[in-house]
Amino acid sequence: MPLPLLGAVLMALVLGVSWSLGLSAQQARPATPSTDLPTSYICLHHPEIFEVEPGICPICKMKLVPIKLDAIWSCPVHSVIARHEPGKCPIDRRDLVQVTVSVSWTCEGRSDIEQLDPGKCPDGSAMVVKYSPRPHGNHNPQHGGLFFMAPDNWHHVEGTYPQSGRFVLYMYDDYAKPLSAAKLNQVKARIVTKETFDSQAKTANEITAFPLTLSKSGTHFEARIDPVAPPANMTAKLTLQPGGPEYRFDFSFPEFSKEPAAPVSPAPAASASGTTTPRGDSASAETAQASAARREEAKTKLAQLHVHTGEVNRLLETGAFLEMYVPALAAKEVVLDLESYTNDVVPSQQRQNATAAIQKLVASAWLLDMYGDQGDKQKLAEAYTVFASAVKQIDEFYGK
């Protein structure tokens, strides 16, 4: 699994340039502003470039720009609200949802002043925190449905199944804002309720499909399908613009969709470009007793990895794609911790292969996160095959 594929995943956190929430200082200031957030570095012209160290963009040779990311609580629709605790939206009383934002510090009335760390303003007053929405920072449903990101890393879709035989599709831009009527008119879509899949040719044969048509209000698409009670599985297939590729989104509704939408936490912000760095050979400095203890700790990490792997498999089988990022990214953290035990439990001639297995799991975990957002069951299955293979290899290297 080539690690450059991670760029497509990290793009979800670093696309585009920040724009102000338009908050007053009191609205913007959380109870305990975060001042110790890690700094990442991005290329404004090539968003797939995301690093944890300063440097030069390998594509355009421009200097990478520092940025800090955080998760806050905001209204599902009214993004002017920023809080550091869950609660109710003061505008429409819906539950607050978590969104990813960039964090900077500024002075009231001074739009020309902005920096990554707190400090003093020219008048001696303390700077205030400022939150700026991020593209792909809000993957929360707005109508009680299932929210996916399109493979073009710009469009987003939300599918709902409010009643038997009725499917409704909403579409958004990269800031989770509803698409304009002009853009909706470019979309061609249908809902497939039954199909077969040729695993050799990797093609689908549609048996039952229904057109998705634009509503009279021009705000969403609807389709009348064969009535079926939840749990209900169906696939939306969309061409987003004339001549463009067709994308599929696999929806699995455990129950009928209800408004208002319940909050779904965004995927944790990526903290690295996907590469891993061996943490050094410290075994020579440890006693035999300490080494034995670390081997036992490594076994505990492996047990945790298997728990997370089982959960990933369960979510894949039940169609709970939006939840898959939780165990997938937890497994990623476990194996990155496990790598620090390499010199204690892996023979020296196998350490390079062990590190490669960990890198493969890290890459496939991010792909599970991304394809879960996109709702693509086939790609999720393929990513899980790589993920499971990496787990087996890690077992062989660290479980002896």
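Okay, let's start with two helices: H7, residues 351-374, and H8, residues 377-398, pack at an angle of about 155 degrees, and their axes are 8 Å apart. That angle makes H7 roughly antiparallel to H8; the cut-offs are under 35 degrees for roughly parallel, over 145 for roughly antiparallel, 65 to 115 for roughly perpendicular, and oblique for the rest. The axes here are lines fitted to C-alpha atoms, for helices over the stretch in contact, with angles from 0 to 180 degrees between N-to-C directions. Helices (H or I, at least four residues) and strands (E, at least two) are DSSP runs, numbered from the N terminus.

Before I go on, this is a predicted model, so local features need pLDDT of at least 70 and side-chain atom pairs count only at pLDDT 80 or more, while totals for chains, interfaces and linings use all residues. Residues are numbered from 1 along each chain as its sequence is written, and side-chain values use heavy atoms, with hydrogens and water left out.

Now the core. The largest nonpolar core has 41 residues, and the ones touching the most other members are Leu-305, Met-324, Leu-361, Leu-368, Phe-387, Ile-394 and Tyr-398. Helices H4 (288-318), H5 (325-338), H7 and H8 are the elements that give two or more residues to this core, and H7 gives the most, with 11. By core I mean a set of buried Ala, Val, Leu, Ile, Met, Phe, Trp, Tyr and Cys residues joined through side-chain atoms within 4.5 Å. Buried is under 20% relative accessible area, exposed is over 50%, and partly exposed is in between, with a 1.4 Å probe and protein chains only. In soluble globular proteins, nonpolar side chains tend to be buried together.

On to charges. How many salt bridges are there? The count comes to 13, taking a side-chain nitrogen of Lys or Arg within 4 Å of a carboxyl oxygen of Asp or Glu. Take Glu-195 and Arg-248, whose closest N and O atoms are 2.8 Å apart. Glu-195 is in strand S11 (residues 188-198) and Arg-248 in strand S15 (residues 246-253), so this pair ties together parts 53 residues apart in sequence.

Then there's Lys-237 with Glu-206, at 2.9 Å, N to O. Lys-237 is in strand S14 (residues 232-239) and Glu-206 in strand S12 (residues 203-214), 31 residues apart. Is Lys-237 buried or exposed? Lys-237 counts as buried, at 7% relative accessibility, while Glu-206 is partly exposed at 28%.

Glu-333 and Lys-332 also meet in a salt bridge, 2.4 Å from N to O. Lys-332 is buried, with a relative accessible area of 6%. And salt bridges that share partners join Arg-190, Glu-195, Glu-206, Lys-237, Glu-246, Arg-248 and Asp-250 into one network.

Phe-221 counts as buried at 3% relative accessibility. Phe-221 and Val-168 are 53 residues apart in sequence, yet 5.7 Å apart in space, C-alpha to C-alpha.
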